[in-house]
Amino acid sequence: MEFNFISPRKNALVYIIKILSGSLILWYGLRALGLHEPYWAMISLIIVTEPDMTVAKANFKARLVNTISGCVIACLSLVIFGATFFAMLIAMTLAVIVAMLWQNYPSNWRLGPVTVVILMSAAFSGGGVDEELHLALLRVSEVMAGSIVALLQTVIYMQIQKWQRNDS
């Protein structure tokens with residue numbers, strides 16, 4: 001009797017190793033730099049992680065474009081409309097419109113409106129616009145760190161594969 005429903009897909013071990021090792025690097029590295037909750041970096045690592053460089057680069061671009069777009073729209077909305085539920089709805093709508101009107105916008109466009117919601121909902125706690133603008137820049141930095149670690153891991157993985165092919 002064969003249990004195909006529990007057999008792992010190709011590259012499952014690669015994903016596990018890259019996500020765990022990248023998470024350790026980001027968690028301890030960013031905490032050492034003073035960022036005590038590097039969750040966005042870890043989320044970006046997971047989103048970008050791929051064994052194939054072409055796919056990893058596309059994921060990196062999509063993550064970066066969506067995060068920057070969402071941050072800019074959220075920050076502008078906070079400055080113009082304030083931290084209200086209706087401002088968040090307007091900003092989400094703008095994020096979707098930007099994604100749908102921008103030629104060659106990354107396919108996982110939903111990350112833009114998600115970024116808007118995350119940033120604007122944090123403003124509801126009353127931290128103020130200055131704090132939210134700082135938070136937005138911090139989140140972009142986290143996204144970059146996580147995405148860069150994922151890309152570097154792909155480079156290392158591809159180099160290891162190349163060495164293995166040369167040895168055989």
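The model is predicted: local features need pLDDT of at least 70, side-chain atom pairs count only at pLDDT 80 or more, and totals for chains, interfaces and linings use all residues. Residues are numbered from 1 along each chain as its sequence is written, and side-chain values use heavy atoms, with hydrogens and water left out.

**Overview. The chain has six helices and zero strands.**
Helices (H or I, at least four residues) and strands (E, at least two) are DSSP runs, numbered from the N terminus. Along the sequence the pattern reads α-α-α-α-α-α. The C-alpha atoms fill a box of roughly 60 × 40 × 35 Å, taken along the principal axes. Of the 168 residues, 39% are buried. Buried means under 20% relative accessible area, exposed over 50%, and partly exposed in between (1.4 Å probe, protein chains only). A contact here means heavy atoms within 4.5 Å. Among contacts with a separation of 6 or more, 72% join residues 24 or more positions apart.

**View 1. A nonpolar patch lies on the surface.**
Its members are I68, V72, L76, V79, I80, F81, I90, L94, I97, L101 and V129. Together they have about 1,000 Å² of accessible area. Such areas come from the Shrake-Rupley method with a 1.4 Å probe; for residues, only the protein chains shown count as cover. Patches take residues with over 30% relative accessible area and no salt bridge; like charges are joined within 9 Å, nonpolar side chains (Val, Leu, Ile, Met, Phe, Trp, Tyr) within 5 Å. Helix 3 (53-81) and helix 4 (85-101) each supply at least two patch residues. Helix 3 gives the most, with six. F81 is found in helix 3 and is partly exposed, at a relative accessible area of 44%.

**View 2. The largest nonpolar core has 16 residues.**
A nonpolar core is a set of buried Ala, Val, Leu, Ile, Met, Phe, Trp, Tyr and Cys residues joined through side-chain atoms within 4.5 Å. V116, L119 and M120 touch the most other members. Helix 3, helix 4, helix 5 (111-123) and helix 6 (129-167) each give two or more residues to this core. The largest share, five residues, comes from helix 3. A second, separate core of 14 residues includes A41, L45, M53 and A150.

**View 3. T49 sits in the loop between helix 2 (39-48) and helix 3.**
T49 counts as buried, at 2% relative accessibility. The T49 side chain reaches the backbone oxygen of L45 at 2.5 Å. Leaving out residues up to four places away in sequence, T49 touches Y15, K18, I19 and A150.

**View 4. M42 lies in helix 2.**
Beyond its neighbours within four places in sequence, M42 is in contact with S23, L26 and W27. M42 and Y105 are 63 residues apart in sequence and 23 Å apart in space, C-alpha to C-alpha.

**View 5. R139 and E142 meet in a salt bridge.**
A salt bridge is a side-chain nitrogen of Lys or Arg within 4 Å of a carboxyl oxygen of Asp or Glu. By this rule the count is one. The N to O distance between R139 and E142 is 2.5 Å. R139 and E142 are three residues apart in helix 6, so about one helical turn separates them. Both residues, R139 and E142, are buried.

Key:
Polar contact = N/O pair within 3.5 Å; in protein donor to acceptor, adjacent residues only side chain to side chain.
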